Amino acid sequence: PLADPYIVGVSSGAAAGGALAYLLGLTGLWGGLGTMGLGFVGGLASLALVFSLATTRGVVNVRNLLLCGVVVGSLLWAVTTLVLYLAGQDTNKILAWLLGSMSPMFMDRVLVMAITAAIGIPILILQARKLNAFAISESTARTLGVDTTRLKFTVLITGTALAAVCVGAVGIIGFLGLVSPHIARRLLGVDWRLSMPAALLLGPTLLLTADILAQRALPNTELPVGVVTALIGAPFLLVLLRRDAEKR
């Protein structure tokens, strides 16, 4: 329930990969494809590191997963900022990118994101029935004939690719991946066949709303949209953590 690209370190890993592309001068490669490509590698590497640290005797401990994700994400954030700063890059420009901003946005980047979404979204939606079984328990899913190893691999790789491409294009916009699925589940229930498409629509709606607030909050100034989503999403995360603790 608390999994999110921002929380488990994927976004920070993707940002580190994007920063490397920035230093290597690959940001302008066909619509920022260099940034998105290295962002994918960085996000995947970060996710692999977090899972390896959180796994004990072949079992992923959820509490350790969250803690490792936050720690690794914070470390990568600091390293990324430090490297770019020492390399003599414009710190204001770096900060704006790391906090997430959709200005300026070019059609070639939109095209790359659209192609990635057109491939990745159907892959995830096709896993909905298997994810319903997996949500009960991994052993139950296996009993029902689900190849859980393949399912986890497919979902994690596809989700990382989608998140990394977005981070490479607009920087880190946190908490959208956490808030929109929970709203969808509250509205339509826990069936992934319904809640996943709903989250697909709610995420962009929340992002556009946050972007409007970012443009209108201060006169003659546009805030990074990631700041707005964090201000809204962080309290939401705290409520979820509190409820999770009460259930225990």
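## A walk along the helices

The crossing of helices α9 and α10 is right-handed, a term used when the near helix is turned clockwise from the far one by less than a right angle, with anticlockwise giving left-handed. Helices here are DSSP runs (H or I, at least four residues), numbered from the N terminus. This is a predicted model, in which local features need pLDDT of at least 70, side-chain atom pairs count only at pLDDT 80 or more, and totals for chains, interfaces and linings use all residues. Residues are numbered from 1 along each chain as its sequence is written, and side-chain values use heavy atoms, with hydrogens and water left out.

Let's stay with that pair for a moment. Helix α9 covers residues 176-188 and helix α10 residues 192-216; their axes come within 8 Å and cross at roughly 130 degrees. Axes are lines fitted to C-alpha atoms, for helices over the stretch in contact, and angles run from 0 to 180 degrees between N-to-C directions. The angle makes α9 oblique to α10, since under 35 degrees counts as roughly parallel, over 145 as roughly antiparallel, 65 to 115 as roughly perpendicular and the rest as oblique. Among the residues that meet are P181 and R185 in α9 and W192 and G203 in α10, where contact means heavy atoms within 4.5 Å. By class, this contact has 14 nonpolar, three polar and one charged residues. Ala, Val, Leu, Ile, Met, Phe, Trp, Tyr, Cys and Pro count as nonpolar, Asp, Glu, Lys and Arg as charged, and the others, Gly among them, as polar.

Helix α1 (residues 10-24) packs on helix α2 (residues 33-54) at about 140 degrees, with axes 6 Å apart, which makes α1 oblique to α2. Their contact includes G13, G17 and G18 in α1, and G39, G42 and G43 in α2. It has seven nonpolar, nine polar and no charged residues.

Helix α2 also packs with helix α3 (residues 62-86), at about 140 degrees and with axes 9 Å apart. This crossing is right-handed. Among the residues making the contact are F51 of α2 and C68 of α3, and the classes divide into nine nonpolar, three polar and no charged.

How far can you trust the coordinates? The mean pLDDT (the predictor's confidence in each residue, from 0 to 100) is 84 for the chain, and 94% of its residues reach 70 or more. Among the elements, helix α4 (residues 91-99) has the lowest mean, 70, and helix α6 (residues 128-136) the highest, 92.

Definitions and conventions: Helix = DSSP H or I, 4+ residues; strand = E, 2+ residues; numbered from the N terminus.
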